[in-house]
Amino acid sequence: MKRLVNDVSDISPSVGHLYNAKVLLPHLGKGAVLLDIGCWTGQLFRALSNSKIKYYGIDVSSQAIQKAKSVNPQGKWYTGSALKLPFKNKTFDVVTLFDVIEHIPNGFEEKCINEIMRVIKKNGVLILSTPADNFLSKASDPAFFLSGHRHYRINTLQKILKNEEFVICKTWTTGGIIYVSHYLIHLFLKHLFGIFIQINGKLAADDLTKEKGFLTHYLIAKSS
């Protein structure tokens with residue numbers, strides 16, 4: 001089913017977006033050119049609001065991109081696929097793929113990473129996150145049961161990146177019981193009632209920073 005943009009719950013950055021921004025910031029020098037694949041309405045852009053960077057966001061949802069343009073016209077927004085990025089070779093210093101690869105058609109993950117390798121500069125940074133393939137992560141993911149939302153093992157992701165000549169710099173898995181509880185309440189309120197409330201947001205944020213969880217894998221890699 002096609003997901004529609006909610007003007008209340010799809011605008012403000014969530015605890016997850018703020019964590020992603022925290023992971024990303026050390027890799028953003030002044031004037032860095034960033035591509036945010038799967039940007040939706042631009043929550044990551046808003047989480048990075050004080051950064052002196054050139055931001056490009058792309059998403060398959062034209063509705064989400066139109067909302068991003070209306071909320072933050074200073075960003076550069078594109079409707080398009082991660083499998084055919086509408087950018088020139090060696091354009092970006094940093095590329096993010098936060099919770100996107102699991103939505104790429106199954107079997108096309110390497111094509112997506114190949115496209116990123118094409119548009120990223122030499123020694124550019126790719127930061128990727130995706131649901132972890134373990135019992136607790138799957139049990140915490142309603143979409144796994146409703147639509148077969150894919151989960152990955154860390155070694156599978158490393159192999160995909162290495163096959164496309166990325167060099168792995170760091171991997172970790174985050175999201176413990178505190179964050180998962182917050183996340184599930186957030187999803188329930190967002191999708192059933194269309195409201196945005198960050199219950200126990202600070203505790204959830206602190207839980208993510210421990211980098212010792214079970215929910216989501218993160219990888220940081222450099223292009224060769």
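## Contact of α4 with α7

Glu109, Glu110 and Ile113 in α4 meet Ile160, Leu161 and Asn163 in α7, where contact means heavy atoms within 4.5 Å. These residues divide into three nonpolar, one polar and two charged. Helices (H or I, at least four residues) and strands (E, at least two) are DSSP runs, numbered from the N terminus.

Helix α4 (residues 109-119) and helix α7 (residues 154-163) pack at an angle of about 50°, and their axes lie 9 Å apart. Axes are lines fitted to C-alpha atoms, for helices over the stretch in contact, and angles run from 0 to 180 degrees between N-to-C directions. The two helices are therefore oblique to each other; angles under 35 degrees count as roughly parallel, over 145 as roughly antiparallel, 65 to 115 as roughly perpendicular and the rest as oblique.

## Basis of the model

The model is predicted: local features need pLDDT of at least 70 and side-chain atom pairs count only at pLDDT 80 or more, while totals for chains, interfaces and linings use all residues. Residues are numbered from 1 along each chain as its sequence is written, and side-chain values use heavy atoms, leaving out hydrogens and water.

## Sheet

An open sheet of mixed pairing is formed by seven strands in the order β3-β2-β1-β4-β5-β7-β6; two strands pair if DSSP finds at least two bridges between them. At the edges stand β3 (76-79) and β6 (166-174), each with a single partner strand, so one side of each has no neighbour in the sheet.

Strand β7 (residues 216-223) runs antiparallel to β6, joined by eight bridges.

Methods. Nonpolar A, V, L, I, M, F, W, Y, C, P; charged D, E, K, R; others polar.
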